[in-house]
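The following paragraphs lead the reader through a protein chain, from its individual contacts to its overall arrangement. Please keep the sequence and the model in view while reading.

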Amino acid sequence: LAQARGTSTAARSVVASGSGYDRVRAALTRVGGGGIALQQYGGSCGGVTASACAAPSGVIYFTADVARWSDARLHWVMAHELAHIHQFRVWNTLVASAGYTSLFGGNIELLANCMAQQRGYPSGNVWCTGEQLSWSGAVWRGVVP
């Protein structure tokens with residue numbers, strides 16, 4: 001999925017009764033993002049189209065389709081986007097880290113997948129090594145090893 005780096009995502013809240021917002025909100029809360037702002041949007045994120053997106057401002061955006069995903073996929077995507085929020089908090093240190101380069105090849109999406117898996121929400125198609133999972137756990141705590 002996508003994350004907006006360094007710029008705010010232009011999106012408006014289009015949450016309406018019956019939109020699935022409550023289901024997505026519950027999933028985000030379940031994976032640890034109870035205090036994170038959540039908005040439904042049209043899918044344009046940092047120049048790409050994405051079903052969900054995290055912005056440096058601390059908001060997670062999602063399309064209406066996400067609310068219809070299976071529980072496992074919905075929880076994974078919310079954990080993945082929440083991971084990006086935590087990455088933004090340590091961004092400069094993270095992207096300068098030799099560990100990030102060597103373990104993840106500088107791939108922020110892989111790191112977000114490993115962070116989600118570390119929390120118990122694997123993507124289903126990416127499996128991380130023990131070392132990647134350990135490193136990911138530190139980023140959840142705001143530490144870049």
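Over the face of which residue does arginine 73 lie? Arginine 73 lies over the face of tryptophan 69, at 3.6 Å from the ring centre; a charge is taken to sit over a ring if NZ of Lys or CZ of Arg is within 6 Å of the ring centre and within 35 degrees of the ring normal. The charged end of arginine 119 likewise sits over a ring, that of tryptophan 140, 3.8 Å from its centre.

The model is a predicted one, in which local features need pLDDT of at least 70 and side-chain atom pairs count only at pLDDT 80 or more, while totals for chains, interfaces and linings use all residues. Residues are numbered from 1 along each chain as its sequence is written, and side-chain values use heavy atoms, with hydrogens and water left out.

The chain contains 6 helices and 6 strands, where helices (H or I, at least four residues) and strands (E, at least two) are DSSP runs numbered from the N terminus. Along the sequence these elements follow the pattern β-α-β-β-β-β-β-α-α-α-α-α. Of the 145 residues, 49% count as buried, that is, under 20% relative accessible area, with exposed meaning over 50% and partly exposed in between (1.4 Å probe, protein chains only). Among contacts with a separation of 6 or more, 63% join residues 24 or more positions apart; contact here means heavy atoms within 4.5 Å.

Two packed helices are described by the angle between their axes and the distance between the axes. Helix α1 (residues 21-30) and helix α2 (residues 71-89) pack at an angle of about 60°, with their axes 9 Å apart. The axes are lines fitted to C-alpha atoms, for helices over the stretch in contact, and angles run from 0 to 180 degrees between N-to-C directions. On the α1 side the contact is made by Arg23, Val24, Ala27, Leu28 and Arg30, and on the α2 side by Asp71, Leu74, His75, Met78 and Leu82. By class, this contact has 6 nonpolar, 1 polar and 3 charged residues, with Ala, Val, Leu, Ile, Met, Phe, Trp, Tyr, Cys and Pro counted as nonpolar, Asp, Glu, Lys and Arg as charged, and the others, Gly among them, as polar.

The model also holds 4 aromatic pairs. Rings of Phe, Tyr and Trp (its six-membered ring) pair if their centres lie within 6.5 Å; planes under 30 degrees apart count as stacked, over 60 as edge-to-face and the rest as tilted. One of the pairs is tilted and joins tyrosine 21 to phenylalanine 62, at 6.2 Å centre to centre and 40° between the planes. Because tyrosine 21 lies in helix α1 and phenylalanine 62 in strand β6 (residues 59-62), this pair ties together parts that are 41 residues apart in sequence. Both tyrosine 21 and phenylalanine 62 are buried. Tyrosine 41 and tyrosine 61 form a tilted pair as well, with 5.5 Å between centres and 40° between the planes. Tyrosine 41 and tyrosine 61 are both buried.

Glycine 43 is found in the loop between β2 and β3. With 3% relative accessibility, glycine 43 counts as buried. Beyond its neighbours within four places in sequence, glycine 43 is in contact with Val48, Thr49, Ala50 and Thr63.
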